[in-house]
Amino acid sequence: MGVRVSIAGLASAVANQGAIGTISSIGLGDFEDAKNDYENVSREALENEIGKARALTDGILAVNFMGVLSNVEDLIPAAIRAGIMVIIFGAGIPTKLPALAPDPEVNLVPIISSARVAELISRTWDRRFDRIPDAFILEGPLAGGHLGFTLEQLDNVDDFSLEVLLPQVLEAVKPFEDKHGRSIPIIVAGGIYTGGDIARMMEMGASGVQMGTRFVVTEECDVSQEFKQRFLDATKEDIVIIKSPVGLPGRAIRNKLLQDLEAGVKIKLNCPYQCLTACKIATARYCIAKALTDSWAGDVDDGLMFCGSNVFRVDTILTVKELIDELMGELAEA
Ligand SMILES: Cc1cc2nc3c(=O)[nH]c(=O)nc-3n(C[C@H](O)[C@H](O)[C@H](O)COP(=O)(O)O)c2cc1C
């Protein structure tokens, strides 16, 4: 979870409980420094974050990248040099990813939202690199952050639920699993809340789940206390879908920033470096990197807070261990 929601603190705590802790590579580094040398500052900050997390855990760490990052091709090899063995890639179709990470020991995990894209990535990698993804994360329409669905599709979430998409994805990857003689685990994400949800998904053929929202309200999560409090206070009515400068819809908590944007208030904007390929300074109404960093730091009125559709259900801050123990207990019971 970016920006800085899941970095060394949360990722290492999750890895210490035997799950995979994911560091977000987005928006790391000092933005003032970055003005002069964005690529180097951003890469060094990621290396630093990986080092910090590694010092706190011997467990499995992943790094999440977005295809829309202007320096993604520099960051991925840097993460691998720093010892990361799981590369998660979203917000774009990673047709060239195996070329950036050719070591077959490094696990490549694209995020997808449809069987069509699962098939496209598997076919392209098979043909060009004689390789298939090591897993897919299938993110449904209830997830937090940027979403791989159109606004119209998000009006009909039941048509694109994980229950609908998962069987389609399992079928789409089957020929590639058969050809390569190994499985492509499907990890589902978006709206998974209890161990019962995990059991239901695994019974349908998922190999695991990725969870975001519930881990924001953990003691170890790297965001400000103010951000966590907004999660605790959020009601169903506070959850909105926005059109992000990244060019994708996103789910967020309605706050002063979003109200100002709705009202047409002009927000001061300058972009000293282009961190996102898709973001156009001439048409963007605000800097999403700055807005996400501001909320991380505690300015939850003028910053942007992404959230999953279940955010209204969270009402207490747990430790990562308490949360994972609760989920595993419910899973065993289910
Ligand atoms: C605050 C927040 C930030 C997120 N940022 C990212 C991100 O930078 N990259 C990404 O691939 N997914 C991101 N996500 C999506 C999560 O990784 C996860 O797949 C999703 O939230 C799962 O749904 P859940 O929140 O209902 O558990 C974010 C989610 C939240 C809540």
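Two strands pair if DSSP finds at least two bridges between them. Keep that rule in mind for the sheet stop on this tour. The model is predicted.

**Stop 1**

Now zoom in on strand 9 and strand 10, residues 249-253. Five bridges join strand 9 to strand 10, again in the antiparallel sense. For a landmark, show Ile241 and look across to strand 10. Arg251 stands opposite Ile241.

**Stop 1: the ligand**

The shell holds 20 residues. Glu139, Gly191, Gln210, Gly212 and Thr213 are the closest. By class, the shell contains nine nonpolar residues, 10 polar and one charged.

- Thr213: an N or O atom of the side chain is 2.5 Å from an oxygen atom of the ligand.
- Glu139: a polar side-chain atom lies 2.6 Å from a ligand oxygen.
- Asn64: a polar side-chain atom is 2.9 Å from a ligand oxygen.

These pairs count as polar contacts, because the cut-off for two N or O atoms is 3.5 Å. On its own, the ligand has 600 Å² of accessible area, and the protein covers 93% of that.

**Stop 2: the cavity**

Rolling a probe the size of a water molecule over the atoms shows where empty space is left. How many cavities of 30 Å³ or more are there? The count comes to one. The largest cavity holds about 150 Å³ of space.

To find the cavity, select Cys271, Tyr273, Cys275, Cys279 and Cys287. Among the 13 lining residues, these lie nearest the centre of the largest cavity. Which classes make up the lining? There are 12 nonpolar residues, one polar and no charged.

**Stop 3: the segment before helix 1**

Finish with Val3 and Arg4. Val3 is in the segment before helix 1 (8-16), and Arg4 is found in the segment before helix 1 too. Most residues other than glycine have a negative phi, and most peptide bonds are trans. Check the backbone here against that. The peptide bond from Gly2 to Val3 is cis, with omega near -5°. Arg4, a residue other than glycine, has a positive phi, near 65°.

Methods: Residues numbered from 1 in each chain as written. Predicted model: local features only at pLDDT ≥ 70, side-chain atom pairs only at ≥ 80, totals over all residues. Heavy atoms only, no water. Near = heavy atom within 4 Å. Polar contact = N/O pair within 3.5 Å; in protein donor to acceptor, adjacent residues only side chain to side chain. Areas by Shrake-Rupley, 256 points an atom, 1.4 Å probe, with all protein chains shown as cover. Nonpolar A, V, L, I, M, F, W, Y, C, P; charged D, E, K, R; others polar. 1 Å grid on protein atoms, 1.4 Å probe; cavity = no way out; pocket = protein on both sides within 12 Å on 5 of 7 lines; lining within 4 Å. Points joined across faces, edges and corners; volume = space filled by probe spheres on them. Helix = DSSP H or I, 4+ residues; strand = E, 2+ residues; numbered from the N terminus.
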